[in-house]
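Please read this briefing alongside the sequence and the coordinates. It begins with the model and its conventions and then takes up selected topics in turn.

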Amino acid sequence: MQHTGISVTRSFRPAMIGGCILAFVMVLAPLVAIIWVSFFENKIISFPPTGYTLSWYATAWEMPRFRDGFATSLKLGVLATAISLAVGIPASVVLARGRFPGREAIQSLLLAPLIVPGIVAGAAFYMFLIEAEIVTGVQVATTFTGLVIAHSLIALPWTVRLVTASLLGVDPQLREAALTMGARPFTAFRRVTWPVIRPGVVAGALFSFVVSFVDLEKSIFLVGPGTTTLPIVIVNYLEWSVDPTIAAVATVQIALIAAGLIITDRYFKLARAF
Amino acid sequence: MTAATMVDEGGAAAAPGRPVRRGPRSDAGWLLAPSLALVLAGLMLPLVLMARYSLAHFDPAATEVSGFGVENYTRFFGDPFYLWILARTLTVALACTAICLLLGVPAAYVISRVPSRRLKTALILATVIPLLMGNAVRAAGWMVLLADKGLINSALLVTGVISEPVRILYTGSAVVIGLIAVLLPFMIISLQSVFEGIGETYEEAAATMGARPWTTFFRVTLPLAMPGVFSGCLLCFVLAVNAYATPVLIGGPSFQMMAPKVYEQAIKVYNWPFAATLAFILMGVTFALTVLSSITLQKRYGAL
């Protein structure tokens, strides 16, 4: 008995560290695998590779669908981020200022796009746009405008959450003081509130952009000829084959998002976002 | 994402006009209006319209939605095929959640107790970055690993463990593996903040009293972390039930789950009423579980 007790005691740290390593292997393995394969020389993937090359990056860049998808996703991400900040920051300012009737309800309404499953929200919005098309006679369903609205919605909860969280660090009395001293509301915002919430806004913008850029479930109903986003191009390609070309596309996406998140983490600790 | 948030949703649509006028500032109204308009027009109205569709009759020849009844719901619950898809979806989600918990607890615990700040930052980044990487890219990674000529099969062949490639890709196990990788970061993040909050004081106290590490962990740390364990499991389960990309790409065309079925009915079969019904059943299961577990949790652990 004594012996078992001792070995059990000693096994705690190894077991925890072992579990931790296994968890990170699970999380990181697919990313490492796809980055590795993007440098393979042979087009048909087999291990070990016959050699290494960078040529698949050029091949991927020369394929219009990847370039167009990338451009669409980039434009979409920037517009969705801009809209979510434009409507989300004012809302967060009001929500953080304090209690008023219906505050909870409004907050949950603004966070609802995070809770309603993406495929459900996507299908509903698609049916809504088709219905609108029938009523107005204007095509909206598979246009860029429809995508922009849908993506602004995906981005909005992140902006609201992160900006509201950073606003909680602002002492409301500071703003009151500024107003008492004769500052206009906008001046008070710019000089008192803004410096404090800036990291939250930066993080909100980045998260908005990233969740828009990688979204699949909501976009899959709304894309059409000429307005296909990169994740959907990737999925369509993967349904036929997986090769170093698609690995190169995936690697570029991994590199861009990782770089953005690592830079943001210097100003806003990412763990706080969840 | 608690029960309060969910329950509030129904009543939320009526709220915008009221608080604005009674609010402390007159500018509150126009500051809230744009965001509320976006959510109402982009999410709430579409959901209402979809609710109507789910109660309509499907006529392949007609362009307009007509009829009113629960025939789509009775079709779903009367057809063993669809019930089986729902059961499979729930089973896969349950398996994923259990394994995520098993791997997430040690990972989150280690992150929360690592003394070096640099290592802690690195581990948190290694959790968050994959989380925001997009499911398509991660599915591609698993396809490379699990394919017949993939890394795992090649490694097993070279080491002589197997003599023929094993079919892993396009099976249920592959979907579970792929989903674990997608969901594990959520579990780790949920648990990490809770472990962080508990701090080492309690563990030190238990150790002083002579408790061994395992005893301390299971009798002190884990019970204190229960709210985080439940919210992490709930999040994983809900996300797994609604997963789309992973089952489609890693499970292949014959592996049926609920979310891909919604897409198939809406876009490939054009049966919008039934697609709407599937979507509502999916959302209903999600919300019911969330509300149910939050109520049970509040009873046991107080407000989360």
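The notes below cover the interface between the chains, a loop residue, the cysteines, backbone angles and salt bridges.

This is a predicted model, in which local features need pLDDT of at least 70 and side-chain atom pairs count only at pLDDT 80 or more, while totals for chains, interfaces and linings use all residues. Residues are numbered from 1 along each chain as its sequence is written, chains are lettered from A and ligands numbered from 1 in the order in which they are written, and side-chain values use heavy atoms, with hydrogens and water left out.

**Interface of chain A and chain B**

- Counting a contact as heavy atoms within 4.5 Å, 90 residues of chain A touch 94 residues of chain B.
- The two chains bury about 8500 Å² between them, and 84% of this lies on carbon and sulfur atoms; buried area here is the accessible area (1.4 Å probe) that two parts lose on being put together, summed over both.
- On the side of chain A, the residues that lose the most area to chain B are L109(A), I115(A) and M127(A), which together account for 9% of what that side buries.
- Between chain A and chain B the count of salt bridges is zero, a salt bridge being a side-chain nitrogen of Lys or Arg within 4 Å of a carboxyl oxygen of Asp or Glu.
- Three residue pairs, with both residues at pLDDT 80 or more, are in polar contact across this interface; the term stands for a pair of N or O atoms within 3.5 Å, where within protein one must be able to donate a hydrogen and the other to accept it, and where residues adjacent in sequence count only if both atoms are side-chain atoms.
- Helix α1 (residues 2-37) of chain A gives the most to the side of chain A that touches chain B, with 23 residues; helices (H or I, at least four residues) and strands (E, at least two) are DSSP runs, numbered from the N terminus.
- That side of chain A divides into 71 nonpolar, nine polar and ten charged residues, where Ala, Val, Leu, Ile, Met, Phe, Trp, Tyr, Cys and Pro count as nonpolar, Asp, Glu, Lys and Arg as charged, and the others, Gly among them, as polar.

**A buried loop residue in chain A**

- T229(A) is placed in the loop between α8 (185-214) and α9 (230-238) of chain A, and at 1% relative accessibility T229(A) counts as buried; buried means under 20% relative accessible area, exposed over 50%, and partly exposed in between (1.4 Å probe, protein chains only).
- Leaving aside neighbours within four places in sequence, the contacts of T229(A) are G69(A), T72(A), S73(A), L76(A), L147(A), S219(A) and V223(A).

**Cysteines**

- Over all chains the structure holds zero disulfides, a disulfide being a pair of cysteine sulfur atoms within 2.5 Å.
- The sulfur of C20(A) is 14 Å from the closest cysteine sulfur, that of C100(B), which is too far for a bond, and C20(A) is buried at 5% relative accessibility.
- C233(B) is likewise in no disulfide, with the nearest cysteine sulfur, that of C236(B), 6.7 Å away; C233(B) is buried, with a relative accessible area of 17%.

**Positive phi angles in chain B**

- Y170(B), although not a glycine, has a positive phi of about 65°; Y170(B) lies in the loop between α8 (151-158) and α9 (172-198) of chain B and is partly exposed, with a relative accessible area of 35%.
- Y270(B) has a positive phi near 60°, sits in the loop between α14 (258-268) and α15 (272-301) of chain B, and is exposed, with a relative accessible area of 55%.

**Salt bridges**

- The count over all chains comes to five salt bridges.
- E196(B) pairs with K120(B), with the closest N and O atoms 2.7 Å apart; because E196(B) lies in helix α9 and K120(B) in helix α6 (residues 117-131) of chain B, the pair ties together parts that are 76 residues apart in sequence.
- R167(B) and D148(B) meet in a salt bridge at 2.9 Å, N to O, which links the loop between α8 and α9 of chain B with the loop between α7 (135-146) and α8, 19 residues apart.
- K261(B) forms a salt bridge with E264(B) at 3.1 Å between the closest N and O atoms, and the two, three residues apart in helix α14 of chain B, are separated by about one helical turn.
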